[in-house]
Amino acid sequence: MSYAFGLIMKKTKQKELSSFIKKHADLKGIDLLLSDLNGVLRGKRIQPSALEKVFQDGICLPASVFALDILGNTVEETGLGVSTGDSDRICLPVSDSISMIPWSSKPMAQVLLTMVEEDGSPFFADPRQVLSRVLEKLCELKLTPVVAVELEFYLLDNRRDKQKKPQPPISPVTGKREADTQVYSVDNLDDYKEFLDEVARCAKVQGLPADTAMAENAPGQFEINLQHVDDPLLACDHAIILKRLIKGIARNMGLNASFMAKPFSDQAGSGTHIHISLLDRKKKNVFMGKKDKTDSPFLRHAIGGLVKTMKESTAIFCPNANSYRRFQPDLYVPMAPTWGIDNRTVALRIPSGSPKSTRIEHRVAGADTNPYLTMAALLAGIHYGITQKMKPPKISTGDAIAKNPPSLPMNWAESLKEFSKGKILRKYFGKDFCHVFHETRKKEMEHFNSQITPLELDWYLRTV
């Protein structure tokens with residue numbers, strides 16, 4: 001970051017801050033939020049009197065925040081813990097990210113942060129900075145990604161059942177526990193109108209372009225879509241903020257909103273679907289074909305690159321043990337690097353619509369993924385495909401899941417092996433980041449695998 005650019009950023013943020021404080025003089029506190037590798041928001045809560053200093057100088061947080069497993073334990077094998085003295089880095093507010101927390105019982109605000117080195121250069125392990133580095137490569141090609149994120153999640157009863165398993169919520173209209181699969185049901189949307197209306201209200205307050213809400217494939221499962229924007233960093237900021245918003249509103253209503261990939265063994269999992277198109281300098285969509293949906297060289301090369309990088313990217317798309325429970329037939333979860341036109345059984349779907357709206361929808365990632373890292377992996381695959389002129393495989397038609405045997409990593413260990421030996425993502429993400437990501441996931445996997453589960457006790461304690 002140049003000194004001149006730093007001054008411009010400070011002036012912009014100070015102007016933004018002054019306007020916000022003037023408008024919200026009754027503030028009681030501000031949450032400073034930084035997304036870790038898991039997409040979990042970490043940070044500090046400060047008093048309003050300290051906000052101006054944060055905008056001026058930033059705030060210190062330990063670099064080890066990017067070495068945490070899902071339980072918040074530091075993975076020392078990353079090299080970001082005690083071996084470096086658990087040293088701090090500066091975290092700066094992300095421009096235009098300050099907003100009120102409209103579901104809070106008292107006037108509270110929040111600001112997103114990003115981590116930098118002492119000289120202002122990006123900190124290598126910050127997922128937001130990883131995405132920024134990949135974006136720079138597309139900018140060099142004079143291409144602008146236009147992206148949208150779709151988030152699936154479950155509304156759950158706060159109480160688990162007698163076996164400590166999650167339960168669908170009790171309908172606020174019927175008074176009965178949800179049990180039916182009513183995909184696209186408008187009645188289900190009406191039953192949860194209070195929740196969805198509050199999501200829409202709070203999203204508007206926070207400036208989130210939340211667009212469509214729909215009932216999904218299981219009791220209590222919903223999807224909320226964000227509108228397309230021509231800034232992938234902003235799109236991922238929106239996704240992270242929307243997740244927090246949904247969880248906060250559900251909690252206020254006595255519910256639990258979960259972005260776990262597969263909370264129920266016999267119901268559909270939850271995914272993160274990302275739509276991507278590319279604009280050239282003249283704002284023309286380069287994925288648009290002249291004759292049909294598939295004859296754009298940019299589109300075909302992009303698909304070729306995404307297919308090529310999909311195996312080594314699976315650890316990003318599916319970052320924990322539960323992620324791989326989604327991979328089951330007949331549940332619209334692709335298990336091979338397939339592509340097709342308006343086909344929900346493929347990994348890379350080209351949705352129907354006008355030629356100008358031609359885009360790629362990526363359908364592999366779970367709801368538990370870190371959106372910054374998934375977006376970075378997808379844009380890296382697209383950049384690689386375009387620059388290397390990669391050819392796509394044969395297009396899939398019909399039930400691509402039935403026709404194509406699973407060839408993506410189907411478990412955590414296999415995906416980490418593919419990530420570790422992969423060479424393409426390493427060039428885009430940097431070897432230091434890949435080391436940190438691999439070690440955190442590996443350590444968490446080892447911890448998970450060391451646990452004795454109730455099912456094991458039920459099956460084996462007396463029978464073997």
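Which residues line the largest cavity? This is a predicted model. In it, the lining of the largest cavity is made up of Leu33, Leu34, Ser35, Leu41, Val94, Leu112, Leu113, Asp126, Arg128, Asp237 and Tyr372. Two elements give two or more residues to this lining: strand 1 (29-35) and strand 6 (108-116). Strand 1 provides the largest share, 3 residues. By class, the lining counts 7 nonpolar, 1 polar and 3 charged residues. The volume of the largest cavity is about 60 Å³. The count of cavities of 30 Å³ or more comes to 3.

Now the aromatic rings. The structure holds 13 aromatic pairs. A pair of aromatic rings is described by the distance of the centres and the angle of the planes. For Phe419 and Phe437, the ring centres are 5.1 Å apart and the planes stand at 55 degrees, so the pair is tilted. Phe419 belongs to helix 10 (residues 412-421) and Phe437 to helix 12 (residues 431-449), so the pair ties together parts that are 18 residues apart in sequence.

Elsewhere, one aromatic cluster is formed by Phe153, Tyr192, Phe195, Phe222 and Phe259.

Definitions and conventions. Residues numbered from 1 in each chain as written. Predicted model: local features only at pLDDT ≥ 70, side-chain atom pairs only at ≥ 80, totals over all residues. Heavy atoms only, no water. 1 Å grid on protein atoms, 1.4 Å probe; cavity = no way out; pocket = protein on both sides within 12 Å on 5 of 7 lines; lining within 4 Å. Points joined across faces, edges and corners; volume = space filled by probe spheres on them. Helix = DSSP H or I, 4+ residues; strand = E, 2+ residues; numbered from the N terminus. Nonpolar A, V, L, I, M, F, W, Y, C, P; charged D, E, K, R; others polar. Phe/Tyr/Trp six-rings, centres within 6.5 Å; stacked < 30°, edge-to-face > 60°.
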